[in-house]
Amino acid sequence: MTELAQERFSLLSLFKKIPFSTRVVGGLYLAVLVLGVVFGFSIATLISASLHFFGVWAIFALANVPSIQSGTGPNFALPIGIVNGLLAMVLVLAAGFTGIWFIIVSSVTALVFGSLSGYLYGRLMNAVKGSEMAIAPYTGFAITAAFGLVWLAIPINHPNMVFFLGDGLRHQIPLDYFGANFILAEFLYFEVFGLEVRTGELLVVFVACLLMYLFFRTKAGIAISAVGRNPLFAKATGINVDRSRVIANMMSTAIAAFGVIVYAQGFGFIQLYDFPMFMAFPAIAGILVGGASKQRANVTNVVVGTFVFQGLIAIVLPVFSRALAGTDVAGVVNQIRMVVQNGIILYALAQMSKGGK
Amino acid sequence: MSRNLLEFKGISKNYSGNQVLHDVSFDIRPGEIHALIGENGAGKSTLMNILFGMPVIHTTGGYEGEIELNGEKVEAKSPFEAMALGIGMVHQEFMLIPGFTIAENIKLNREIEKNNVKNKITSTLFGRRMKTLDFKKMNKDARIALDKLDMSIEEFTLVKGLPIGYMQFVEIAREIDKTELKLLVLDEPTAVLTESEAESLLQAMRNISKRGIAIIFISHRLNEITAVADRVTILRDGEFVITKDVKDTNALEIAEYMVGRQVSIERTSTEAREISDEIKLSVKDLHVAMPNERVKGVSFDVRKGEIFGIGGLAGQGKLGIANGIMGMYEARGNITIDDESLPLNDTRKVLDSGLAFVSEDRKEVGLLVEKAIDYNIMFTAMNIKSEFLNVFKMTDKKKIRRNARKMIDMLDIRCTSERQHTGRLSGGNQQKVCVARALTQKPTILFVSEPTRGIDIGAKKLILDLLLELSRDKGMTIVMTSSELAELCSICDRIAVICEGQVAGILPPDASPTKFGLLMSGIKDLEGGKHD
């Protein structure tokens, strides 16, 4: 009797530890899941879709950890990293790499490009201290627009990459021509009770999260989180505040550059031009839903938040399509998805200063 | 019947249990200049806040006692009510609008409206706020107020770009333009002025008081008080000490009353300690741009193993010295340690040179309040010496905990465990954590600023004993900055008094309170005053 009461109590206290924003979005996720089952989806199908979205988005969410920890705030300039990753993939494809080598070589290239751009971006963030969150999104927009010109002018004429007519790279470059689609997704892929597990993707996410966790136990990582928590304390203990912020933003940008490679192989094509423009917001919403604030973020926030948020987005479309099939409003399903996605982003940003509490 | 303009009767005030005023009673006569003096924290500002009805008083539970104005009990609930009662105040920070003319600033919110037909129509249609103003009359009034202060400046000059001294006068002119003004409070009006500006302000004060307006003059400058005031009231630690006619007293006596007998903390050994002549730290012509604590050319030497005290009133620059040397604020000057030059504005290099710093601001600078005790303690040593790391260059929890437990035992930090967040600790224990971090760094020179600020007397004694022990047993050189003269005198070997950003003098701990009081007030050598 008492044991039971104790167990209930501990379950309750465990539940209370879950950030409020996670409970809200998580509750929504469960509701749509139940709705899906009511309309005849197998639960394995729905969770498979959620896992797929989680796998391709988690790295983007993870990219926000160093920038948040350093006090720069969520990396609204994620598109900078993304265009670097895209450039790396385009160059590596043009150089003739295919298959697993495409993934490896483009990842290394992306990390190098990302670090270099991240250095410049970090310097910019130090120059605009105090208004990072106003400057960052527009830095991302500006870079995306500038790279629109790069994609047009880049001297690559691989027939599978350029427009059929005229010069310039296509909006979408299918990776299957290069044998480079689903490389990670199909690595050690297995199915159990209808649940599709893209082991390679999840493994990459796991390793990236582990490395991030370990990094914040090192001297450099601790210095970065001290800078974010209390810059005066950091300064008084001999930490170079500006340098730590630059390192954090280099990491953030490099991780985003790597993230787009995981994303592209997961969907099977590279998207150029306007694609990076609005990638920052869902990524940031993910980590915020997981309980991060604009000054605090950890790996758990990334995993939990991205799973419930992207998981929800992944199943809203099929579930509502079937639920509304045959009714007058069947045509607005995609609008519903947009409302849910942007509504949650808005909610997450509004909760940002409280850290999901 | 009452010949007093204002009477404070048994005023007491506490801020959540902290008694800042205790049963203060004194009176102000019409047309007198009444100086109010006391060390920081003596309760002057609180008393004036009560008089002026500042919201901070009422949101913290009001006060006890009564204030009588012309024999009638008054209680201002807001600054507006105080103004209506004829009480004016000039704050230390100017409240002027730079883009307005002097006249507009003087008449701000008390503008004179034109009384013509057009105004009657617009005000019936759109309300009073739409009336046009009678600038001619406003300028005339402003002129009169300025003339009363012997200010020849044109009333239509913009405030923007005026010298600071003039702004002060504009503030005062605004107060005396109020026809009903009976009492004017000047809170350290000369602190920002040059000598000649201060002189003309004193003259203006005499003119104002001749017109029957009483002035409460808050100042630390004893020579100004003796020059201008009729009577002086001294507060100390929230208690009324004495009111004296200025002609019956002198700067020496006021200084002594202000500092008082320091009996709270006894010096354990009376004889001077043996200290080597070797100079450990030499500071030459140090300037520090710390806001409100500006240092303007400070020089001193600290000998090896010495406890060197830095005292002085708030805002005079004593806190700027340690902060400047540690690179927290922009600094220039020459610092040498063991005859080696110390680079300035680079905290890392300063820490590497064996200096450690316990900041006066525990919560903002001294601690990561959301992190555990052990994490806080190891932080600096980990960062600058790469201690507490394992082979993978990651933090070694075991080593960190072991060190924290050692420090908790040594400093008697009261906590539930070494994993408790520092934000949950009491002030004294937080201070001990800050000291523990500095000690973990194994410094040769330790800077501590306000080590006992906001902590109870028992913890105070412990911290001071600890500093003494470090110096005596470990030969550590300590530079301690404090607002509390008593604690400086209790452990320091020499004490430098800082006034207006410079060293006013260096005294032994057993020098008389009078000497300290005089130096704090910027009187380096009182002519005719006999030193004992």
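In helix 14 of chain B, the residues B:Ile373, B:Asn376, B:Ile377, B:Met378, B:Phe379, B:Thr380 and B:Ala381 meet B:Val433, B:Ala436, B:Arg437 and B:Thr440 of helix 16 of chain B. By class, this contact is made of seven nonpolar, three polar and one charged residues. The model in which this contact is seen is a predicted one. Two packed helices are described by the angle between their axes and by the distance between those axes. For helix 14 (residues 373-385) and helix 16 (residues 427-440) of chain B, the angle is about 35° and the axes are 7 Å apart. Helix 14 of chain B passes helix 16 of chain B in a right-handed crossing.

The domain assignment divides chain B into domain 1 (97-178), domain 2 (279-354 + 443-532) and domain 3 (366-441). The C-alpha centres of domain 1 and domain 3 of chain B are 59 Å apart.

A sheet comes next. Chain B holds an open sheet of six strands, in the order 16-17-18-13-19-20, with mixed pairing. Strand 16 (355-358) and strand 20 (502-507) of chain B each have a single partner strand, so they stand at the edges, and one side of each is left without a neighbour in the sheet. On average, and with direction ignored, neighbouring strands of this sheet are turned by 20° against each other.

Several pairings can be followed one by one. Strand 17 (residues 445-449) and strand 18 of chain B run parallel and are joined by five bridges; B:Phe447 has B:Val479 in strand 18 of chain B as its bridge partner. Helix 11 of chain B packs on this sheet, where it touches strand 13, strand 16, strand 17, strand 18 and strand 19 of chain B, and its direction makes about 135° with that of strand 18 of chain B. Strand 13 and strand 18 (residues 477-481) of chain B also pair in the parallel sense, over four bridges, and here B:Gly309 stands opposite B:Met480. Strand 13 of chain B is likewise joined by four bridges to strand 19 (residues 494-499) of chain B, the two running parallel. In that pairing, B:Phe308 has B:Arg494 of strand 19 of chain B as its bridge partner.

Is strand 13 of chain B mostly covered or mostly open? Strand 13 (residues 307-311) of chain B is mostly covered, as five of its five residues are buried. In a regular strand, side chains alternate between the two faces of the sheet. On one side of strand 13 of chain B are B:Ile307, B:Gly309 and B:Gly311, and on the other are B:Phe308 and B:Ile310; both faces are covered.

Helix 11 (residues 318-325) of chain B is also mostly covered, with eight of its eight residues buried. Among them are B:Leu319, B:Ile321, B:Ala322 and B:Ile325, together with B:Lys318 and B:Asn323. After helix 11 of chain B comes B:Gly327, whose phi is positive, near 85°.

Helix 19 (residues 513-520) of chain B lies across strand 19 and strand 20 of chain B and runs at about 30° to strand 19 of chain B. Helix 19 of chain B is largely enclosed by the rest of the structure, because seven of its eight residues are buried. These buried residues are B:Thr514, B:Lys515, B:Phe516, B:Gly517, B:Leu518, B:Leu519 and B:Met520. Their cover includes helix 10 (251-259), helix 18 (485-491), strand 19 and strand 20 of chain B. Helix 19 of chain B is followed by B:Gly522, which has a positive phi, near 85°.

What does chain A bring to its contact with chain B? In all, 17 residues of chain A are in contact with 22 residues of chain B. On the side of chain A that touches chain B, the elements giving two or more residues are helix 10 (219-229) and helix 11 (231-236) of chain A. Helix 10 of chain A gives the most, with five residues. The residues on this side of chain A divide into eight nonpolar, five polar and four charged.

A:Val108 is found in helix 6 (residues 99-127) of chain A. With 13 other C-beta atoms within 10 Å, A:Val108 is partly exposed. In sequence, A:Val108 and A:Ser293 are 185 residues apart, and in space they are 31 Å apart, C-alpha to C-alpha.

Methods: Residues are numbered from 1 along each chain as its sequence is written. Chains are lettered from A and ligands numbered from 1 in the order in which they are written. This is a predicted model: local features need pLDDT of at least 70, side-chain atom pairs count only at pLDDT 80 or more; totals for chains, interfaces and linings use all residues. A residue is buried if 20 or more other C-beta atoms lie within 10 Å of its own, exposed if 12 or fewer, and partly exposed in between; C-beta atoms are placed from the backbone. Two strands pair if DSSP finds at least two bridges between them. Two residues are in contact if their C-beta atoms, placed from the backbone, lie within 7 Å. Ala, Val, Leu, Ile, Met, Phe, Trp, Tyr, Cys and Pro count as nonpolar, Asp, Glu, Lys and Arg as charged, and the others, Gly among them, as polar. Axes are lines fitted to C-alpha atoms, for helices over the stretch in contact, and angles run from 0 to 180 degrees between N-to-C directions. A crossing is left-handed if the near helix is turned anticlockwise from the far one by less than a right angle, and right-handed if clockwise. Domain bounds come from an automatic or database domain assignment.
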